[in-house]
Amino acid sequence: MAAVSAPVRLQRCVVSPTGRHSASLIFLHGSGDSGQGLRRWIKQVLNQDLTFQHIKIIYPTAPPRPYTPMKGGISNVWFDRFKISIDCPEHLESIDAMCQVLTDLIDDEVTSGVKKDRILVGGFSMGGCMAMHLAFRKHQDVAGVFALSSFLNKASAVYQALRTREGELPELLQCHGTADELVLPSWGAETSATLRALGVRVDYHSFPGLLHELSPRELETLRSWVLAKLPGEPGRARE
């Protein structure tokens with residue numbers, strides 16, 4: 001199955017900072033969703049937008065492509081999967097193609113004046129998996145990466161890349177619900193343990209009773225972590 005063809009410019013939903021822009025957060029949606037849909041979902045959970053004084057949030061939308069778990073149906077997904085399982089191989093061709101497309105998004109932020117170490121990448125479910133590939137394989141100099149209800153396959157190319165890495169790695173925030181029946185909590189825990197063994201600093205949070213979804217407490221955990229990784233400029237008002 002063919003990967004996404006380059007060049008591709010992703011549709012983007014942007015939430016601007018309320019003050020001076022000095023950092024950026026790229027938040028990737030789960031399979032079948034959109035950037036606008038993820039923003040609406042977060043707004044519904046929090047009863048308001050997720051906003052920061054100095055951080056721009058970018059919610060890109062994955063381009064539509066055939067998706068094998070939907071019997072080849074067209075869906076907005078970051079990459080293809082052979083099936084939703086921790087035990088199967090990764091569809092690396094489509095993952096690598098999307099890494100390049102998302103690299104263009106990171107480059108746009110750098111060109112606009114945001115330093116690479118002032119950029120966070122992360123996502124929900126498939127978006128979190130995509131973010132881990134992007135950060136740990138291609139952009140180890142970003143400020144950090146977060147993965148909500150996500151996992152990496154047992155033989156992930158991320159693990160292979162980390163075995164030969166040099167230098168510091170971005171910290172990972174990982175959140176997972178104990179009642180998730182789509183991405184099993186054991187898959188998230190195994191991902192966390194493997195990454196830790198390869199030298200990644202993992203901040204893992206388990207949420208009792210949470211399904212494959214977002215929650216207010218989870219998003220507040222994310223907000224606090226984001227502000228710790230991307231603090232406001234000295235001398236400016238705190239959030």
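Colleague: Which cysteine holds the sulfur closest to that of Cys99?

Modeller: The closest cysteine sulfur to that of Cys99 lies in Cys129, 9.6 Å away, which is too far for a bond. A disulfide is a pair of cysteine sulfur atoms within 2.5 Å. This is a predicted model, in which local features need pLDDT of at least 70 and side-chain atom pairs count only at pLDDT 80 or more, while totals for chains, interfaces and linings use all residues. Residues are numbered from 1 along each chain as its sequence is written, and side-chain values use heavy atoms, with hydrogens and water left out.

Colleague: How many disulfides does the structure hold?

Modeller: The structure holds zero disulfides. The sulfur of Cys88 also has its closest cysteine sulfur in Cys129, at 10 Å, too far for a bond.

Colleague: Is Cys99 buried or exposed?

Modeller: Cys99 is buried, at 1% relative accessibility (buried means under 20% relative accessible area, exposed over 50%, partly exposed in between, with a 1.4 Å probe and protein chains only). Cys88, at 9%, is buried as well.

Colleague: At what angle do the axes of helices H2 and H3 cross?

Modeller: Two packed helices are described by the angle between their axes and the distance between the axes. Here the axes of H2 (residues 92-111) and H3 (residues 126-138) come within 10 Å and cross at roughly 75 degrees (axes are lines fitted to C-alpha atoms, for helices over the stretch in contact, with angles from 0 to 180 degrees between N-to-C directions). H2 is therefore roughly perpendicular to H3 (65 to 115 degrees). Cys99 is among the contact residues of H2, together with Leu102 and Ile106, while H3 contributes residues including Met130 and Leu134 (contact means heavy atoms within 4.5 Å).

Colleague: Which residues of H1 meet H6?

Modeller: Ile42, Val45 and Leu46 of H1 meet Pro216, Leu219 and Glu220 of H6. The axes of H1 (residues 35-46) and H6 (residues 216-229) come within 9 Å and cross at roughly 110 degrees, so H1 is roughly perpendicular to H6.

Colleague: How many of the residues of strand E6 are buried?

Modeller: Six of the six residues of E6 (residues 119-124) are buried, so E6 is largely enclosed by the rest of the structure (helices, H or I, of at least four residues and strands, E, of at least two are DSSP runs, numbered from the N terminus). Ile119, Val121 and Gly123 point one way, and Leu120, Gly122 and Phe124 the other way.

Colleague: Which strands are joined to E6 by bridges?

Modeller: Two strands pair if DSSP finds at least two bridges between them. Five bridges join E2 (residues 23-28) to E6, in parallel, with Ile26 partnered by Val121. Five bridges also join E6 to E7 (residues 144-148), again in parallel, and Phe124 stands opposite Leu148 in E7.

Methods. Parallel < 35°, antiparallel > 145°, perpendicular 65-115°, else oblique.
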